[in-house]
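Dear colleague,

Please find the structure below, handed over for your records. My notes on its salt bridges follow.

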Amino acid sequence: MRGLLYIVAALYPLFGILDYLTAPPRWLWLLYGTRAVVTAITLGMFRVLKSPLFESRSNAVSAAYIVLISLGISLMTVFMGGLSSPYYAGLSLVIVATGLLFVWPMKVVIRTHATLVASFLLPNLILGRGADSLTSISNLFFLVSTAIIAGTGQVLAHASLREQVANQFILEGTRKNLEVANDELKKLDRFKSEFFANITHELKTPLTMVLTSLELLLDGELGLISEAQRSTFQSMQRSGAKLLRLIGDLLDLSRIEESRVRLRVAEHDLAAYLRELTSETQLLVQRKGVRLTFESEHASAPVFCDLERLERVFINLLSNATKFTDAGGEVVLRLSRSDRFTEVEVRDTGVGFPSELSERVFSRFFQTDMGKKRHYGGTGIGLSLAKDLVELHGGEIRAESETGKGARFTVRLQNDRDHFNPEVLDRRAARSGQGEGKRAADRGIADWRLGAEAKFRLLEIDEVTEQRVVERDADERHRSHTVLVVEDTPDVIRMIRLTLHHDFRVLAATNGAQGLELARKHHPSIIVTDLMMPVMDGLELTAQLRADPRLCHVPIVMLTARTEVESRVAGLQGGVDAYLGKPFSTKELMQTVRSLLRIQERTADLVLTQKMDSIEAIAGGLAHEIGNPLNYVKNALAVVQRDTEQLLAAARRSPMDSSLDAAAMERRTRKLFAVAESGVRRIAATVELMMRYSRNGYSRSEQPHDVYGAAREALEVLVPSVGKPLTVESRFEGEPWVSCVPEELNQVISNLIQNAAEAAPAEGGRLTLQGWNEGSDVYVSVADNGAGISAENVSKVFNAFFTTKEAGAGMGMGLTIAQRVARSLGGSIAVQSELGVGTRFTLRLPRLRPPSQRQAYDEARSAEPLVPPRS
């Protein structure tokens, strides 16, 4: 508005020159008078700008002033040609100026511009001032068009300005909210750091009490302890020391964030220290098959530093280098020196990392393998803490690497003392002139001499180079069930072994790939696996096991710290049988393992029932299908034999051809008939036996049963079906009667005989069956001269789904079912085997005294001679 007033105050009187040149002299007084009035009002408007009226009604005041200017010009047009007056151009200038200088809402724009046009049109029409109609129309057209264009520009500018103002308000509100949020985040960050420092200190104190108590136990101060207890306490001590070290690192990070870390700087010989550190570490590193060397051209390298803080840096770098370097690799610790700087380089030949991660590896909690399949463990704070500690010394640390070509970390330190920031120095140590000793912030029981003992001082390196997983028990081969533990934390494996090894044979693997290899080799009864592991995680291991026909039945227990629903659902969908969240109860683990094995045994019972039903149904059907055509063969063979007898008798009475040997033909024919009749009788006996096995022949209740007779019948059926020549020897002595479900006992004996027949060699195979009484029991043994069973597998032959046969050749349930049946009858099955000699299974069952009417049968069967060899 102020700019318009200046323009009007200057131009409105100046246009009086144009009046003087173009207006009739008789109207000059009126024109000059009008200009004077408008100019005076303009000068008065400067005072209006400062009034409250303008502040509250700026659009109305500015619009009224524009109308005033236009009325003055319209008055001039009445005396200067009316509608055809050239003074209409002044109104156009006013409209253009309004459009450029004022941003009004639409209603103000319409009212103002309509008033401008009306002030020109109405007075001239009323007074009839329009001498040249064509010029009048042209002037009016251009004036209206200018008003429309300028008004449209004002409306659009107002809308844009309104949007800008709204956005400005939004931005201002957002800025204020961000400022408030930033202040809150700073408060929360301070609170977090304070809480973090407090909670880590509170954790450190009771943990140290636990470690101190363990130390007293291990030192024998609280009495003698067994070797098993010592092993457990040592594992607890290692885990506690690791946790204490982690808490210390987190506490240092918190202190560094708050600038509360103080350095106890003194002059130290870094070359001598690194030589000693290399010497102490070499034996640990060599356990992994990695070579560690120290290189330096300087006998000594004095540097002002806090050696305790820098030791955390060097141990972390050596631990990382060893962890990421496979057996056969090399780690080099090298020191170089100039007048101002000392550089320590840690170089390895390990897996390396992408070069673009050289800066990110120092980020807090960052790891190069951040996915679910973490090949290497760790927390991701070691290098971040190392960087902070080096920078506190006024130095720098950098990383260089390429994938597959190893990594190089270089620590650069200044030699003198003058560069240290005074705020990071421990003034108490500086006043006393000492660089060693306990910091004031660290005083108290929580220190626990963690750095005093070498085994805990080098805890990280000791852990990454530990190759032993679990110790093997001398008698573990005698345990029938094997548990495979797949876990990447050795201490967790040891704890699980201590829980299970009294009842189970325990095998261990540190990643999924090793676990899968051991499972395929040893066929465990149950597998306990972690979820997140290097190389192959628990879910992929489960998928591989479920896809293997020989391992798909093995129960799987998943241990994981990730207990969210999504992880559980993914595991259950993949085939996991049970979930246990970390930390887990050892009692819960033991009960879970036992429950899953009981489920396997119930599965064996179900398979037995279904298998017996199938055998009975199939046997009945086969007996029916074979019996009918067998009757046809028997009848036809009888007719052919009768007719042949008649022909042979006729041939003897009247020989037709002297060249034929009638006697030889008769002998050959009779022999062939005898063979055919014998085969028919055997088939008939088989059909009868299958009918007895079928549902129609047996009930499902216990009854007296001849176990020797069952063995003979099984021999008659099974041995010919093997398809290879076998020598069968059998001897049965004593009473054969037991109380059982005949179908189930027949299944047991058939399984033992069939296994023995299949195990016997193709050439010179021999089966030996024996039956005898001992005390109140009946014994039946089945022996073969096959390859035998290894000592490792002898204890597992009765496990459900265990088999040494090829995939598809057996489901591994036969002996499990046999053992279950024997136990249900109060008996047992024992196995003896020797590689290269053969195997003997012995069935023991409680003997049932037969009724008196069976005595004759028993005496006839009490000593049966050896059966002639059969091929």
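Arg 546 and Asp 577 form a salt bridge, with their closest N and O atoms 2.9 Å apart; the term denotes a side-chain nitrogen of Lys or Arg within 4 Å of a carboxyl oxygen of Asp or Glu. Arg 546 belongs to helix α18 (residues 538-547), whereas Asp 577 sits in the loop between α19 (565-574) and β12 (578-581), so the pair ties together parts that are 31 residues apart in sequence. Helices (H or I, at least four residues) and strands (E, at least two) are DSSP runs, numbered from the N terminus.

Please note that this is a predicted model, in which local features need pLDDT of at least 70 and side-chain atom pairs count only at pLDDT 80 or more, while totals for chains, interfaces and linings use all residues. Residues are numbered from 1 along each chain as its sequence is written, and side-chain values use heavy atoms, with hydrogens and water left out.

Arg 546 is partly exposed at 22% relative accessibility, as is Asp 577 at 39%. Here buried means under 20% relative accessible area, exposed over 50%, and partly exposed in between (1.4 Å probe, protein chains only).

Across the whole structure, the search finds 18 salt bridges. One of them joins Glu 330 to Arg 291 (2.9 Å, N to O). This pair links distant parts of the chain, 39 residues apart: Glu 330 in strand β4 (residues 330-337) and Arg 291 in strand β2 (residues 291-296).

Lys 405 also meets Glu 402 in a salt bridge (3.5 Å, N to O); Lys 405 is exposed at 64%. Finally, Glu 343, Glu 396, Arg 398 and Arg 412 are linked in a salt-bridge network.

Yours sincerely
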